[in-house]
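Please look over the sequence and the structure shown here before reading on. The report that follows goes through backbone details, strand pairing, ring contacts and helix packing in turn.

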Amino acid sequence: MEFAGALRQAIQASGLTLERIRHRLCRRGLTVSVATLSYWQRGRSRPRSREVVVALEEILQVPPGTLTEPLDDAAPTAPAVRAGTAAGLAAAERGRPVRELWPDPDRYAGLVGQLDRSGDHRLERLSIHDVYRLDEARRSWTLSVRTVLRAAGDDIDRVVCVHQTGGLGEADGGHRLGNGAVRRPDGAPAVPAGAGRVALTQVRYCRPGRIRAEGGLMAFELVFDRVLSAGDTAVVEYELGPVGEPAADSYDRRFPHPVHDYVAIIQFTGDRLPARCYGFTAESSLAPRRRLGELWIGTSGSANIAVGTVRRGIVGIEWEWH
């Protein structure tokens, strides 16, 4: 759970009013208005002082890290770093782990900077379910994605997804797939179409917003069918593919945001199945993979991995052929 939701729950559990919390902070020499506290728990702004957040943990009597960890896990949507400012340096430090998930962080930042990510840090990722289908000849694949989100603030109308050539990634988690281009659900190409390029299809419960492609990356906004207020939920579904090019012998998703529940299913078509299939995790794009153990491939020709409460990093499945 991100900071706004964690703070809101802690305040409700404490039984304290915002005025009482303000008063107790003031006794510690920390000046925070009731309006500011209200903005924090609604996701409209976030504290800049870690000292205040540590004091809130003590006042609300929650375990250390309950509020500071979600604040540190904030997405890299903070204002641009200004040389010589402590706030800018703190923002850069918080964004560093997220950037390490991407093999080309500068290109990624330049692309998503063209889209509206103002609501991303105010969305809780309740669940993400992926189904990756590989054809019998292993020369094409499709990916189906379902994401369930909950608003931790008001006036949120979209989420941003980003895909990268050779290591496909998403703002709500990335997956390693193939070369990418986007096609709108009505069939009109959003960027030049061609063999082996990714197509965005079957968008449900939302609509595509702005789409950008540059230097082997593509990014698109998914606009919800209504504007969310704090506590509202949204479900988005979409497909990528079919893509007619050889697929890698692995699939993974990258998590710059915490996710409560993640499930990935790999579906192999035909009689030929891999000899072995493993789950794995990694801390960054350059870090070594840690295998979680062998996964059973059932009679349906599929293997799956289910992970609860992913804080950050990479989770995936890899397989070996005879």
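T309 lies in strand β12 (residues 302-310), where strands (E, at least two residues) and helices (H or I, at least four residues) are DSSP runs numbered from the N terminus. The model is a predicted one, in which local features need pLDDT of at least 70 and side-chain atom pairs count only at pLDDT 80 or more, while totals for chains, interfaces and linings use all residues. Residues are numbered from 1 along each chain as its sequence is written, and side-chain values use heavy atoms, with hydrogens and water left out.

Most residues other than glycine have a negative phi. T309, although not a glycine, has a positive phi of about 55 degrees, and T309 is also exposed, with a relative accessible area of 56%; exposed means over 50% relative accessible area, buried under 20%, and partly exposed in between, with a 1.4 Å probe and protein chains only. D155, likewise a residue other than glycine, has a positive phi, near 60 degrees. D155 is found in the loop between β2 (141-151) and β3 (156-164), and with a relative accessible area of 55% D155 is exposed.

## A four-strand open sheet

Four strands form an open sheet in the order β8-β13-β10-β11, with antiparallel pairing. Its edge strands are β8 and β11 (290-294), each of which pairs on one side only, and the twist averages 20 degrees from one strand to the next. Two strands are taken to pair if DSSP finds at least two bridges between them.

Strand β13 (residues 313-320) is largely enclosed by the rest of the structure, because seven of its eight residues are buried. Six antiparallel bridges pair β13 with strand β8 (residues 250-255), and S250 stands opposite E318 of β13. Strand β10 (residues 276-282) also pairs with β13 in the antiparallel sense, over seven bridges, and here I317 in β13 is the bridge partner of G279. On to the next strand, β10 and β11 run antiparallel and are joined by four bridges, with Y278 opposite E294 in β11.

## Aromatic pairs and charges over rings

How many aromatic pairs does a search of the whole structure find? The search finds six, where rings of Phe, Tyr and Trp (its six-membered ring) pair if their centres lie within 6.5 Å, and planes under 30 degrees apart count as stacked, over 60 as edge-to-face and the rest as tilted. F255 and Y262 form an edge-to-face pair, with 5.0 Å from centre to centre and 75 degrees between the planes, and both F255 and Y262 are buried. F268 and W319 form another edge-to-face pair, at 5.3 Å centre to centre and with 85 degrees between the planes. This pair ties together parts that are 51 residues apart in sequence, because F268 lies in strand β9 (residues 259-268) and W319 in strand β13. F268 counts as buried at 3% relative accessibility, and W319 is buried with a relative accessible area of 4%. Ring pairs also link F268 and W319 with Y132, Y251 and W321 into a cluster.

Two arginines are placed over rings, an arrangement that requires NZ of Lys or CZ of Arg to be within 6 Å of the ring centre and within 35 degrees of the ring normal. The charged end of R289 sits over the ring of F280, 4.1 Å from the ring centre, whereas R291 lies over the face of Y278, at 3.6 Å from the ring centre.

## Surroundings of S127

S127 is found in strand β1 (residues 123-134), and at 12% relative accessibility S127 counts as buried. Leaving aside residues up to four places away in sequence, S127 touches R146, T147, V148, V259 and D261, contact meaning heavy atoms within 4.5 Å.

## Packing of two helices

Helix α1 (residues 3-14) packs against helix α3 (residues 34-42) at an angle of about 120 degrees, with the axes 6 Å apart. Axes are lines fitted to C-alpha atoms, for helices over the stretch in contact, and angles run from 0 to 180 degrees between N-to-C directions. From α1 the contact uses F3, A4, L7, R8 and I11, and from α3 it uses L37, W40, Q41 and R42. These residues divide into six nonpolar, one polar and two charged, with Ala, Val, Leu, Ile, Met, Phe, Trp, Tyr, Cys and Pro counted as nonpolar, Asp, Glu, Lys and Arg as charged, and the others, Gly among them, as polar.
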